Amino acid sequence: MYTEEQIQKRNKSIWTKLMSTFAPLQFLAFVVSFYLVIRFLVSGEGYFAATISIWVKIGLLWAMTVTGMLWEKEMYGHYFMCKEFFWEDLGNLIAMLTHNAYFVVKWLGWGQKEIMLVMCFAYITYLFNFGQFTFRWAKSRRQRRQANST
(Lines give C-alpha, C1' and ligand atoms only; values in the text may rest on other atoms or scores of the structure.)
Protein backbone atom coordinates (compact mmCIF):
# COMPACT_ATOMS: atom_id res chain seq x y z
CA MET A 1 0.00 0.00 0.00
CA TYR A 2 2.70 2.50 1.03
CA THR A 3 6.41 2.24 0.47
CA GLU A 4 8.70 2.83 3.44
CA GLU A 5 9.59 6.25 2.01
CA GLN A 6 5.89 7.15 1.66
CA ILE A 7 5.19 6.04 5.24
CA GLN A 8 7.94 8.32 6.53
CA LYS A 9 6.72 11.20 4.36
CA ARG A 10 3.11 10.64 5.48
CA ASN A 11 4.07 10.52 9.15
CA LYS A 12 6.01 13.82 8.88
CA SER A 13 3.32 15.68 6.94
CA ILE A 14 1.38 18.45 8.65
CA TRP A 15 -1.54 17.49 6.37
CA THR A 16 -1.69 14.02 7.92
CA LYS A 17 -2.03 15.60 11.36
CA LEU A 18 -4.72 18.01 10.17
CA MET A 19 -6.72 15.25 8.48
CA SER A 20 -6.47 13.20 11.66
CA THR A 21 -8.16 16.13 13.44
CA PHE A 22 -10.73 17.01 10.77
CA ALA A 23 -11.91 13.43 10.14
CA PRO A 24 -13.38 12.75 13.61
CA LEU A 25 -14.77 16.31 13.80
CA GLN A 26 -16.48 15.83 10.46
CA PHE A 27 -17.92 12.49 11.55
CA LEU A 28 -19.25 14.05 14.76
CA ALA A 29 -20.77 16.91 12.73
CA PHE A 30 -22.34 14.31 10.44
CA VAL A 31 -23.93 12.41 13.34
CA VAL A 32 -25.32 15.57 14.93
CA SER A 33 -26.51 17.04 11.65
CA PHE A 34 -28.08 13.82 10.42
CA TYR A 35 -30.01 13.59 13.69
CA LEU A 36 -31.18 17.21 13.39
CA VAL A 37 -32.20 16.77 9.75
CA ILE A 38 -34.17 13.60 10.53
CA ARG A 39 -35.74 15.28 13.56
CA PHE A 40 -36.91 18.12 11.34
CA LEU A 41 -38.29 15.72 8.72
CA VAL A 42 -40.21 13.75 11.35
CA SER A 43 -41.46 16.60 13.54
CA GLY A 44 -41.24 19.72 11.38
CA GLU A 45 -39.30 21.40 14.20
CA GLY A 46 -35.71 22.58 14.40
CA TYR A 47 -35.13 23.81 10.85
CA PHE A 48 -32.72 26.53 12.00
CA ALA A 49 -30.61 24.10 14.07
CA ALA A 50 -30.55 21.61 11.21
CA THR A 51 -29.52 24.36 8.80
CA ILE A 52 -26.63 25.51 11.03
CA SER A 53 -25.48 21.90 11.41
CA ILE A 54 -25.52 21.48 7.62
CA TRP A 55 -23.32 24.56 7.20
CA VAL A 56 -20.87 23.18 9.77
CA LYS A 57 -20.83 19.78 8.06
CA ILE A 58 -20.27 21.29 4.60
CA GLY A 59 -17.52 23.54 5.98
CA LEU A 60 -15.73 20.57 7.52
CA LEU A 61 -16.12 18.57 4.30
CA TRP A 62 -14.46 21.43 2.40
CA ALA A 63 -11.68 21.67 5.00
CA MET A 64 -11.07 17.93 4.79
CA THR A 65 -11.13 17.98 0.99
CA VAL A 66 -8.66 20.85 0.65
CA THR A 67 -6.38 19.30 3.28
CA GLY A 68 -6.58 15.95 1.50
CA MET A 69 -5.70 17.58 -1.82
CA LEU A 70 -2.63 19.22 -0.29
CA TRP A 71 -1.67 15.89 1.30
CA GLU A 72 -2.04 14.09 -2.05
CA LYS A 73 0.12 16.72 -3.77
CA GLU A 74 2.82 16.27 -1.13
CA MET A 75 2.64 12.47 -1.24
CA TYR A 76 1.99 11.71 -4.92
CA GLY A 77 2.51 14.93 -6.88
CA HIS A 78 -1.19 15.37 -7.78
CA TYR A 79 -3.78 17.49 -6.03
CA PHE A 80 -6.69 15.23 -6.90
CA MET A 81 -7.48 11.91 -8.54
CA CYS A 82 -4.02 10.38 -8.27
CA LYS A 83 -4.13 6.69 -9.17
CA GLU A 84 -3.38 5.59 -5.59
CA PHE A 85 -6.49 7.37 -4.27
CA PHE A 86 -8.69 7.42 -7.37
CA TRP A 87 -11.71 5.64 -5.85
CA GLU A 88 -11.57 7.59 -2.59
CA ASP A 89 -11.29 10.84 -4.54
CA LEU A 90 -14.21 9.86 -6.75
CA GLY A 91 -16.27 9.12 -3.63
CA ASN A 92 -15.22 12.47 -2.18
CA LEU A 93 -16.15 14.26 -5.40
CA ILE A 94 -19.63 12.73 -5.29
CA ALA A 95 -20.01 13.68 -1.61
CA MET A 96 -18.87 17.24 -2.39
CA LEU A 97 -21.33 17.58 -5.27
CA THR A 98 -24.26 16.26 -3.26
CA HIS A 99 -23.44 18.35 -0.19
CA ASN A 100 -23.08 21.51 -2.25
CA ALA A 101 -26.38 20.74 -3.96
CA TYR A 102 -27.78 22.22 -0.73
CA PHE A 103 -26.79 25.70 -1.91
CA VAL A 104 -28.26 25.10 -5.36
CA VAL A 105 -31.65 23.97 -4.06
CA LYS A 106 -31.72 26.86 -1.57
CA TRP A 107 -31.03 29.26 -4.44
CA LEU A 108 -33.76 27.59 -6.53
CA GLY A 109 -36.23 28.21 -3.71
CA TRP A 110 -37.03 24.62 -2.84
CA GLY A 111 -39.06 23.99 0.30
CA GLN A 112 -37.56 23.15 3.68
CA LYS A 113 -38.55 19.48 3.55
CA GLU A 114 -37.12 19.00 0.07
CA ILE A 115 -33.87 20.69 1.09
CA MET A 116 -33.54 18.32 4.05
CA LEU A 117 -34.23 15.33 1.79
CA VAL A 118 -31.38 16.49 -0.46
CA MET A 119 -29.16 16.53 2.61
CA CYS A 120 -30.22 13.01 3.58
CA PHE A 121 -29.04 11.86 0.16
CA ALA A 122 -25.81 13.86 0.57
CA TYR A 123 -25.20 12.24 3.94
CA ILE A 124 -25.61 8.78 2.43
CA THR A 125 -22.89 9.62 -0.09
CA TYR A 126 -20.71 10.82 2.81
CA LEU A 127 -21.19 7.46 4.55
CA PHE A 128 -19.91 5.61 1.48
CA ASN A 129 -16.90 7.92 1.26
CA PHE A 130 -16.30 7.59 5.01
CA GLY A 131 -16.37 3.81 4.57
CA GLN A 132 -13.77 4.01 1.79
CA PHE A 133 -11.35 5.99 3.92
CA THR A 134 -12.00 3.86 7.00
CA PHE A 135 -11.18 0.74 4.98
CA ARG A 136 -7.97 2.33 3.67
CA TRP A 137 -7.02 3.50 7.17
CA ALA A 138 -7.50 -0.04 8.53
CA LYS A 139 -5.37 -1.47 5.71
CA SER A 140 -2.65 1.09 6.40
CA ARG A 141 -2.75 0.31 10.09
CA ARG A 142 -2.32 -3.42 9.40
CA GLN A 143 0.62 -2.61 7.15
CA ARG A 144 2.25 -0.55 9.93
CA ARG A 145 1.74 -3.35 12.46
CA GLN A 146 3.25 -5.91 10.11
CA ALA A 147 6.21 -3.65 9.41
CA ASN A 148 6.76 -3.04 13.14
CA SER A 149 6.57 -6.74 14.00
CA THR A 150 9.33 -7.75 11.57
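This is a predicted model: local features need pLDDT of at least 70, side-chain atom pairs count only at pLDDT 80 or more; totals for chains, interfaces and linings use all residues.
Biologist: Which helix gives the most to the lining of the largest pocket?
Modeller: Several helices take part. H1 (4-12), H2, H3, H4 (86-107) and H5 (112-149) each supply at least two lining residues. One gives the most, with nine residues. That helix is H5.

Biologist: What is the volume of the largest pocket?
Modeller: The pocket is lined by 31 residues. Met19, Ala23, Met64, Phe133 and Trp137 lie nearest its centre. The volume is about 860 Å³.

Biologist: Are H2 and H3 roughly parallel or roughly antiparallel?
Modeller: H2 covers residues 14-43, and H3 covers residues 47-76. They pack with their axes 8 Å apart, at an angle of about 155°. Angles over 145 degrees count as roughly antiparallel. Therefore H2 and H3 are roughly antiparallel.

Biologist: Is the crossing of H2 and H3 left-handed or right-handed?
Modeller: Look at the contact of H2 with H3. By class, it has 22 nonpolar, six polar and two charged residues. The crossing of the two helices is left-handed.

Biologist: How far does H3 reach from its first C-alpha to its last?
Modeller: H3 has 30 residues. At 1.5 Å a residue, 44 Å is expected. The model comes close to that, at 42 Å.

Biologist: Which residue just after H3 takes a positive phi?
Modeller: Look just past the end of H3. The phi there is about 85°. The residue is Gly77.

Definitions and conventions
Residues are numbered from 1 along each chain as its sequence is written. Side-chain values use heavy atoms; hydrogens and water are left out. Axes are lines fitted to C-alpha atoms, for helices over the stretch in contact, and angles run from 0 to 180 degrees between N-to-C directions. Helices (H or I, at least four residues) and strands (E, at least two) are DSSP runs, numbered from the N terminus. Angles under 35 degrees count as roughly parallel, over 145 as roughly antiparallel, 65 to 115 as roughly perpendicular and the rest as oblique. A crossing is left-handed if the near helix is turned anticlockwise from the far one by less than a right angle, and right-handed if clockwise. Ala, Val, Leu, Ile, Met, Phe, Trp, Tyr, Cys and Pro count as nonpolar, Asp, Glu, Lys and Arg as charged, and the others, Gly among them, as polar. The expected span of a helix is 1.5 Å times one less than its number of residues. On a 1 Å grid over the protein atoms alone, a cavity is a set of points where a 1.4 Å probe fits but cannot get out, and a pocket is an open set with protein on both sides within 12 Å along at least five of seven lines; lining residues have an atom within 4 Å of a point. Grid points are joined across faces, edges and corners, and a volume is the space filled by probe spheres set on the points.
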